[in-house]
Amino acid sequence: MIARFTRLMSASVVKKQIMGLTGLLLCGFLVGHLAGNLLIFVGAEYFNAYGHALITNPLIYVAEAGLGVLFIAHLGMAVRLIMENHKARPVKYYLKQPTGRGSTFASSTMPYTGTLTLIFLVLHILQFKFGPVYTIVHGGVEMRDLYKLVVEFYQSEVAVLWYVVCMISIGVHLTHGFWSAFQSLGFHHPSYTPLLRKISVGFAVVIAGGFASLPIYCYFQGGM
Amino acid sequence: MSDGNMNLKLKVWRQKNTKDAGQMVDYSLEGVSPDMSFLEMMDMLNEKLVNEGQDSIAFDHDCREGICGMCSMMINGQAHGPKDLTTTCQLHMRSFKDGDTVVVEPWRARAFPVMKDLMVDRSAFDQIIAAGGFVNVNTGNAPDGNAIPISKENADLAMDAAACIGCAACVASCKNASAMLFVSAKISQLALLPQGEVEGEERVRSMVSKMDELGFGNCTNEAECEASCPKGISISNIARMNRQYFTSAIKAK
Ligand code: FES
């Protein structure tokens, strides 16, 4: 019974669905993360207080573990699918050309934009979560001065450029990934699929543009 | 060269048998009429090869009118050549220019071993059909025509899916060599009709697991299959298969 169920659930179709579902949940994280970080525009106090509230909430460990699982599942499944797909065509074509009516730049570069995101993520966590600890007192409470940390970090043009490039890459990843997740999960209809593809692009622009605006703002904040 | 006839350079995959490593071989062909079909051009090349005492190029073909799905061939890196909604036998040489180099290769997929030159063994598709791509009909009196009402919309969708000729251009053009467009079309054409719906859950499970077992790749939703399908089968069939598989898998006893 269990064996049969796991066999059924390890089918190609389900693997795609796991990819899609974890991807969509990670999109949810991006939205939350961006919303929180936009507090940088409101002011150092608000941003630091938000960071403090997150770090001191015991549920943060649960959330971090959940995110970790999602990310590893998404990544692990991607590696597995890429390997299987590679094996499915042992002899490559001498000449292979896209029809121009199907695949897009985004769809054909998913493994590359995904890998770049992974590298970005590791560096990002090291730079901020495990970066230098500055403290500040807001309203009588001592907390990490994350605002100072980010502003200081993004005084370097290289750091800003790297961040922006990585956000463009995530944006490209999302333009295919977002609608593709729905397709894998079985949502396809002449009435909403074209809209979904447009929303996919819109979502990618909002996420990539929203995040990319942060280090640029920080860069100009430092001079003051 | 007279009245618009063309001279072409061809690069064709030659492979003696399944074991042979195979290689691309250069040929040149003069006086190709733009009104010829691609297969007629291949016939012309073969005649030339036979006259020169060489082994002719093996390729699959049958109806030569776009309905059997036998003609395969990757032409200049595209399944069935550059035109959409076209099989190789329906492709005219007027799609090419005098002096063009045309690259011709067999379908490439682990599940489709090359038998000779451009011929591949597509019996993997037959195995998928045998796994469940049919409707069991019990004997008895013939039922009344139109006794089972079928909505116009579903009849149309089933008909669209049934247009699949099993040529495997979807597998050939997919960068992952996935057979999901074919399998989903075969699943949909039956699942959309009341007669096929009865066995729908069992069918989607057995056909998908056969497809996986045969070593086809996994779809990454790039829609190159839809774009190169000579019958314009939509990837909405793949989405239907995805959702049917999932509900079927969680309900499976
Ligand atoms: S030979 Fe029958 S479809 Fe081309």
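Across the interface of chain A and chain B in this predicted model, the rule finds zero salt bridges. Chain A brings 42 residues to the contact and chain B brings 54 residues. About 3900 Å² is buried between the chains, and carbon and sulfur atoms give 51% of this area. On the side of chain A, Tyr93(A), Tyr94(A) and Arg101(A) lose the most area to chain B, together accounting for 15% of what that side buries.

Several helices of chain A supply at least two residues each to the side that touches chain B, among them H1 (2–9), H5 (59–87) and H9 (157–184). The most comes from H2(A), which gives six residues. Ser180(A), placed in helix H9 of chain A, touches Thr220(B) and Asn221(B). With a relative accessible area of 8%, Ser180(A) is buried.

Within chain A, Thr113(A) lies in helix H7 (residues 110–129). Thr113(A) counts as buried because its relative accessibility is 8%, under the 20% limit. Its contacts, leaving aside neighbours within four places in sequence, are Ser169(A), Val172(A) and His173(A). With His173(A), the side chain of Thr113(A) makes a side-chain polar contact of 2.8 Å.

Side chains of opposite charge can pair when their charged atoms come close. The structure holds 17 salt bridges over all chains. One of them joins the side chains of Glu84(A) and Lys15(A), at 2.8 Å from N to O. Glu84(A) lies in helix H5 and Lys15(A) in helix H2 of chain A, so this pair ties together parts that are 69 residues apart in sequence. Glu84(A) is partly exposed, at 26% relative accessible area, whereas Lys15(A) is buried, at 6%.

In chain B, Arg122(B) forms a salt bridge with Asp60(B), the closest N and O atoms being 3.4 Å apart. The two residues stand 62 residues apart: Arg122(B) is in the loop between strand S7 and helix H2, and Asp60(B) is in the loop between helix H1 and strand S3. Arg122(B) is buried, with a relative accessible area of 10%, and Asp60(B) counts as buried at 10% relative accessibility.

A further salt bridge, 2.9 Å from N to O, joins the side chains of Lys152(B) and Asp156(B). These residues are separated by about one helical turn, because they are four residues apart in helix H3 of chain B. Lys152(B) is exposed, with a relative accessible area of 60%, and Asp156(B) is partly exposed, with 34%. Salt bridges that share partners also join Arg14(B), Asp55(B), Lys116(B) and Asp117(B) into one network.

Technical notes. Residues are numbered from 1 along each chain as its sequence is written. Chains are lettered from A and ligands numbered from 1 in the order in which they are written. This is a predicted model: local features need pLDDT of at least 70, side-chain atom pairs count only at pLDDT 80 or more; totals for chains, interfaces and linings use all residues. Side-chain values use heavy atoms; hydrogens and water are left out. Contact means heavy atoms within 4.5 Å. Buried area is the accessible area (1.4 Å probe) that two parts lose on being put together, summed over both. A salt bridge is a side-chain nitrogen of Lys or Arg within 4 Å of a carboxyl oxygen of Asp or Glu. Buried means under 20% relative accessible area, exposed over 50%, partly exposed in between (1.4 Å probe, protein chains only). A polar contact is a pair of N or O atoms within 3.5 Å; within protein, one must be able to donate a hydrogen and the other to accept it, and residues adjacent in sequence count only if both atoms are side-chain atoms.
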